[in-house]
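I opened this structure for a first look and kept notes as I went. The entries below follow the order in which I looked things up.

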Protein chains: 2
Amino acid sequence: MKADRSLLNGSAALLVLSLLASEDMYGYQMIAQLEERSDHTFSMKEGTLYPILHNLEKEKAVTSYEKEAPTGRMRKYYHITKGGLRLLEDKKQEWTAFSQAVNAVLAGTAPALA
Amino acid sequence: MKADRSLLNGSAALLVLSLLASEDMYGYQMIAQLEERSDHTFSMKEGTLYPILHNLEKEKAVTSYEKEAPTGRMRKYYHITKGGLRLLEDKKQEWTAFSQAVNAVLAGTAPALA
DNA sequence: GTATTATACCTAGAAACTCGAGGTATGTCA
DNA sequence: TGACATACCTCGAGTTTCTAGGTATAATAC
């Protein structure tokens with residue numbers, strides 16, 4: 001009932017990688033972006049996000065650097081790597097296959113239209 | 001990052017309920033049906049399925065009865081209840097919201113087309 | 001006839017994923 | 001100076017799924 005989770009966590013990691021594909025972001029920002037882009041369907045918790053980021057970094061799917069915010073506070077930005085982009089593509093395809101399969105099963109719920 | 005899982009397990013239970021909405025089935029058959037309907041994307045394991053069925057029965061979303069197969073073997077059939085159908089509708093909507101949200105985030109991956 | 005395979009059910013323990021609840025620290029605003 | 005928002009982090013627990021077993025019967029192969 002799974003794909004291969006060797007490198008990645010569940011759908012949360014897919015979403016994180018997807019965000020980073022458009023621009024470098026820091027953790028707090030990702031949570032806000034996910035909330036916004038998903039129209040408040042997702043609200044990822046910090047306890048979920050940070051371990052995922054650390055894991056992706058360990059897998060070299062992302063790199064990180066610190067940068068001072070206009071306010072003077074330090075932020076830790078994440079940048080997606082080539083490998084991360086490849087991973088993202090894989091995960092996207094997995095997601096597509098998965099969602100199509102679920103939809104196919106759900107469509108079968110009603111008696112076949114044939 | 002979740003909906004409410006008070007009554008149900010994850011997507012596996014949604015799929016099981018969906019199958020039972022079209023006809024009564026026994027465990028082994030459900031595994032085969034899922035494989036077929038999902039075009040081999042899903043292969044639910046018995047260790048996943050049976051606990052889910054027992055749980056759904058405890059929640060009164062399904063009922064079960066034994067019936068002899070043409071071969072003479074006993075099979076345990078499951079039947080979805082009114083409550084199970086309601087649950088299925090809820091879970092379907094949850095799934096729709098979730099998948100749309102994922103797609104929205106993924107669509108944002110590429111720079112906005114605007 | 002007997003051994004293997006397919007059918008059919010089940011469970012316990014481990015692994016994976018996410019969350020809740022906490023902690024630390026800095027900047028802003030009243 | 002006290003409260004709140006920002007920003008990072010971790011530990012332990014809960015949920016979900018899998019692995020790896022177990023039992024038993026019918027069909028098939030030798």
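**Entry 1: order of elements.** I started at the N terminus of chain A and read off α-β-α-α-β-β-α. That gives 4 helices and 3 strands. I note here that the model is predicted.

**Entry 2: chain A as a whole.** I looked up burial next. Chain A has 114 residues, and 39% of them count as buried. I then checked its surface: chain A exposes about 6,500 Å², with 52% of that supplied by carbon and sulfur atoms. For contacts with a separation of 6 or more, I found that 48% join residues 24 or more positions apart.

**Entry 3: helix α4 of chain A.** I picked out α4, which covers residues 82-107 of chain A. Its 26 residues reach 37 Å from first C-alpha to last. The expected value is 38 Å at 1.5 Å a residue, so I wrote down "close".

Which residues of α4(A) are buried? I listed A:Gly84, A:Leu87, A:Leu88, A:Lys91, A:Trp95, A:Ser99, A:Ala101, A:Val102, A:Val105 and A:Leu106.

**Entry 4: chain B against chain A.** I counted 30 residues from chain B and 30 residues from chain A in the contact. The size of an interface is often given as the accessible area lost when the parts come together. For chain B and chain A, the buried area is about 2,700 Å². Carbon and sulfur atoms give 75% of that area. I looked for salt bridges between the two chains and the count was 0. Polar contacts do turn up: 6 residue pairs across the interface, both residues at pLDDT 80 or more.

Which elements of chain B give two or more residues to the side that touches chain A? They are α1, α2 and α4 of chain B. I noted that α4(B) gives the most, with 12 residues.

**Entry 5: one residue, B:Thr81.** I ended on a loop. B:Thr81 sits between β3 (74-80) and α4 of chain B. Is B:Thr81 buried or exposed? Its relative accessibility is 17%. The cut-off for buried is under 20%, so B:Thr81 counts as buried.

I looked up its partners beyond four places in sequence: B:Thr81 is in contact with B:Lys60, B:Ala61, B:Val62 and B:Thr63. A polar atom of the B:Thr81 side chain lies 2.8 Å from the backbone oxygen of B:Lys60.

Conventions
Residues numbered from 1 in each chain as written. Chains lettered and ligands numbered in written order. Predicted model: local features only at pLDDT ≥ 70, side-chain atom pairs only at ≥ 80, totals over all residues. Heavy atoms only, no water. Buried < 20%, exposed > 50% of the residue type's maximum accessible area, 1.4 Å probe, protein only. Contact = heavy atoms within 4.5 Å. Areas by Shrake-Rupley, 256 points an atom, 1.4 Å probe, with all protein chains shown as cover. Buried area = accessible area lost by both parts, 1.4 Å probe. Salt bridge = Lys/Arg side-chain N within 4 Å of Asp/Glu carboxyl O. Polar contact = N/O pair within 3.5 Å; in protein donor to acceptor, adjacent residues only side chain to side chain.
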